[in-house]
Amino acid sequence: MILTITLTFTLLVFVNLLLLKFSCNKTAKTTKVNKQPVILAPYLELDAMQERLAPTGS
């Protein structure tokens, strides 16, 4: 009885592992074309930023 249960369980695990191995979707690995950083904001000058500040009154 215990031997039958053990063999059945082992067979089911083996079949499950085989199905897992051969049923996985194959995905193509993407290669990185450009490794340079992307600059999203343009260069801002400090003088232009200081002109936009509101007076604080102190």
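## Overall make-up

The protein has 2 helices and 0 strands, both element types being DSSP runs numbered from the N terminus (helices H or I, at least four residues; strands E, at least two). This is a predicted model, where local features need pLDDT of at least 70, side-chain atom pairs count only at pLDDT 80 or more, and totals for chains, interfaces and linings use all residues. Residues are numbered from 1 along each chain as its sequence is written, and side-chain values use heavy atoms, with hydrogens and water left out.

## Surface and burial

Of the 58 residues, 0% count as buried, that is, under 20% relative accessible area with a 1.4 Å probe, protein chains only.

## A look at helix H1

Helix H1 covers residues 2-22, 21 residues in total, and reaches 30 Å from first to last C-alpha, close to the 30 Å expected at 1.5 Å a residue (1.5 Å times one less than the number of residues). The number of buried residues in H1 is 0, so the helix lies largely in the open.

Leu19 belongs to this helix and has a relative accessible area of 54%, which makes it exposed (over 50%).
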